[in-house]
Amino acid sequence: MSEPLLTVENLNVLYGDYQVLWDVSMQARAGEIVAVLGPNGSGKSTVLKAIMGLAPAKSGRIMFEGRDITRVPTHEMVALGISMVLERRRLFSAMTVRENVLLGAYHRSAGKEAKSRLEWVEDLFPILAERRDQIAGRMSGGEQQMVAIARSLMSKPRLLLMDEPYLGLSPRIVKQIAGIIQRINQDGVAVIFNEQNVQLSFGLSNHGYLLEGGRVVLSGTGQEMIGSDVIRRVYLGV
Amino acid sequence: MTFTIFLEQIINGLIIGSMYALIGSGIALVYGTMRVLNLAHGEFYMLGGYFVFFLAVTYGLPPFLAIPVAVVGTFFLGMLIQRMTIHYLLGKEGWMFSTIAATLGLSIVLQNAALLLFGEQFQSVPYYLDGMLEIAGIRIPYQRLLIFVVALGTIGVMTFVLKKTRLGWAIRATAQDRDAAAVVGIPAQRIYLITFGLAAALGAVAAAMLAPIYAINPWSGLPILLKGFVVVILGGLGSFPGAIAGGLLLGVVEAIGVQLTSSEWRDVIGFALMIAVIWWRPWGLFGKKA
């Protein structure tokens, strides 16, 4: 089997004195969709933030394409091929849709291809071209999520981290976003996303991890996990 | 006749207001981007004034050479001082307060350093232009017209930089969401450094233009800082266009107020306007309600 794209080994993360992640280990292979599942406060957001360098690792190791990225600052991640859609979109809300999307190609490594990438994401999300001059903060939640995803794809990542991509969106939009995640994945981008909803998580993913209290308590394929007793215990308390 | 004088005062108010705008926009830029209230901003104005004085008077450089060199010098000095002081506080626990304390300390240190190095005598720079423009009985010295033109030019350049350049996009993105900016590859620390330098340079432009009118001394930064605060409160803290509008407004209101009362009331009028704005629209006349 091929070398994993991303390996997280025994990751520990603390916010102040409070430990959020305990010896978390996980993997993602090239072209895979990985779901990180867990109830509120289980640390599933922190895993993604730690990979991106937004939450500092106390100990442990994060390897990407054979390279140790544990201490690489966030702003250098796009150059390595990792991009992220932050929780709650986090657009540059006073800037236009076009400006937001183009900022996704801010890094010099992406700059040359910005034009062809822009065409590619506008093809993926036609609304971006229609609304290019609209102020991003005035769009609906679903539209903002599309801008956020488009922005994250401008750097042509090989790994895309998505922090709660479905949060606060209507079922119809959720379906649309799920379709987009699949399409991105078909283009060869590995995706790691987190979500609270079991069906949503494993319907889409090849592989999943269940976090509880900051520890990985279960991992396996989507089907394995949906039938698992541990899932039932964590979610239903039985 | 009185109408002419009145009009002249309004024009004067706009001219002085354009300088307030430059000073306020520096404070707004730093606050908007890094959420640091820079109490040492006046000292960059003061140091910029000394830069111009030494280059133009002591070394006798022509003003059109002395001023740009002084502005660029203050830009680098601003970056150097940021890197040696508040750079270490940003993002650390309690940084919102520690940076206020640090910039207050910085202001005291810079004032006393200037006193030690340059002495306590007031220095002045000769007028860059002589003569007066006279249109329909309204008289404006060329020197003051030059102030206005330079202010408009500087604001134009800054607006262009913020709106159209890669650096400007990075500054605006960092100001709006630091983490999201880092995710797309914008190094926040470097943006903070450059922004601080730009703000210092804006102060130096104002200092260069006002040097022939107001004497340069180690304490000349404080009244400027106070004016700057009034401007950013009028315009909405952290808003660059708000600071421009706030500066012009303050200049005109002061000019009209002085006409109606007397020149001792100038500061009272400015601060009264500020208090009224804090009372009625704490987010500023041109800012958005949070």
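Student: Before we look at strand partners, when do two strands count as paired?
Tutor: Let's settle that term, since this predicted model has a sheet in chain A.

Student: Which residue is the bridge partner of Met63(A) in β5(A)?
Tutor: Strand β4 of chain A covers residues 57-64. It pairs with β5(A) in the antiparallel sense, over 2 bridges. In β5(A), the partner of Met63(A) is Asp68(A).

Student: In what order do the strands of the open sheet in chain A stand?
Tutor: The sheet has 4 strands, and their pairing is antiparallel. At the edges are β2 (18-28) and β5 (67-68) of chain A; each has a single partner strand, so one side of each lacks a neighbour in the sheet. The order is β2-β1-β4-β5.

Student: What angle does the direction of helix α1 of chain A make with that of β2(A)?
Tutor: This helix, residues 44-52 of chain A, packs on the sheet. There it touches β1 (6-15), β2 and β4 of chain A. Its direction and that of β2(A) make an angle of about 75°.

Student: How many residues of chain B are in contact with chain A?
Tutor: On the side of chain A that touches chain B, α2 (77-80) and α3 (97-103) of chain A each supply at least two residues. By class, that side has 11 nonpolar, 6 polar and 3 charged residues. In total, 20 residues of chain A meet residues of chain B, and the number on chain B is 14.

Student: Moving to chain B, at what angle do α1(B) and α10(B) pack?
Tutor: Helix α1 spans residues 2-34 of chain B and α10 spans residues 240-260, with their axes 6 Å apart. Their crossing is right-handed, and the contact has 17 nonpolar, 13 polar and 1 charged residues. The angle is about 145°.

Student: How many charged residues has the contact of α9(B) with α10(B)?
Tutor: The axes of α9(B), residues 221-235, and α10(B) come within 7 Å and cross at roughly 115°. Residues of α9(B) including Val230(B) and Leu234(B) meet residues of α10(B), among them Gly246(B) and Leu250(B). By class there are 8 nonpolar and 4 polar residues, and the charged count is none: no charged residues.

Student: How far apart are the end C-alpha atoms over residues 228-253 of chain B?
Tutor: The UniProt record, an unreviewed entry, annotates these residues as one of the stretches labelled "transmembrane region". Here the chain is 85% helix and 0% strand. The end C-alpha atoms are apart by 15 Å.

Notes:
Residues numbered from 1 in each chain as written. Chains lettered and ligands numbered in written order. Predicted model: local features only at pLDDT ≥ 70, side-chain atom pairs only at ≥ 80, totals over all residues. Axes fitted to C-alpha atoms, helices over the stretch in contact; angles between N-to-C directions. Left-handed = near helix turned anticlockwise from the far one by under 90°. Nonpolar A, V, L, I, M, F, W, Y, C, P; charged D, E, K, R; others polar. Contact = placed C-beta atoms within 7 Å. UniProt positions renumbered as here; feature names shortened; annotations may be inferred. Pairing = 2+ DSSP bridges.
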